[in-house]
Amino acid sequence: MTRNAGLVLAGVALLTLSAKVQVPFWPVPMTLQTMAVMLIATVMGPRVAVASFLAYLGAGMTGLPVFAGSPERGIGLAYAMGPTGGFLIGMLLMSAVTGVLAHGRGLLGRAGGMLVGIAVVYAAGLAWLSAFVPADKLIAVGFAPFILGDLVKAAAATLLIEAAGRLRKTKG
């Protein structure tokens, strides 16, 4: 129980840090948040991943500036109910889906689980965003600028986990 609580707190810290890191990328800068979700879900499994993301959402909803762009773009419930709210819901779902599909799997299983998780994030995010953006602009605003970065993050997460596993085998 104490171990899981520590893992969840570490997950919240990683999610918060990853939301605040901006990496220069084309066509828009990216945060590392979806990569953190993929890593937590794949390495720790769906229970710890979902608990971590729920705790992260809880912290954000109470007004702690844990979300990307906060406090500059708002905090708390007002932030979560804005255009990015669906992507937050999508990342919660990604935590479960990626954890179930990728945890304990080999290289291809992990990569596939992460790709399905990315699809879940976009499905929820774009559905929510459609309340804020006209349908003819939805892909240009909510998908096209970000998908390349998410695919790069999935590849990087997959390779990091693979490298860590190989390092563990040589050390142990």
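So, what percentage of the 172 residues in the protein chain is buried? It's 41%, with buried meaning under 20% relative accessible area, exposed over 50%, and partly exposed in between, using a 1.4 Å probe and protein chains only.

Quick caveats. This is a predicted model, where local features need pLDDT of at least 70, side-chain atom pairs count only at pLDDT 80 or more, and totals for chains, interfaces and linings use all residues. Residues are numbered from 1 along each chain as its sequence is written, and side-chain values use heavy atoms, leaving out hydrogens and water.

On to the fold: we've got eight helices and zero strands, both being DSSP runs numbered from the N terminus (helices are H or I, at least four residues; strands are E, at least two).

Now the salt bridges, meaning a side-chain nitrogen of Lys or Arg within 4 Å of a carboxyl oxygen of Asp or Glu. The structure holds three. Glu162 pairs with Arg110 at 2.5 Å, N to O. That one links distant parts of the chain, with Glu162 in helix α8 (residues 144-171) and Arg110 in helix α6 (residues 107-129), 52 residues apart. Arg110 has 11% relative accessibility, so it counts as buried.

Glu162 also bridges to Arg166, with the closest N and O atoms 3.2 Å apart. Those two sit four residues apart in helix α8, so about one helical turn separates them. Arg166, at 56% relative accessibility, counts as exposed. Put together, Arg110, Glu162 and Arg166 form a salt-bridge network.

Then there's Asp150 with Lys153, at 3.0 Å, N to O, and both residues are buried.
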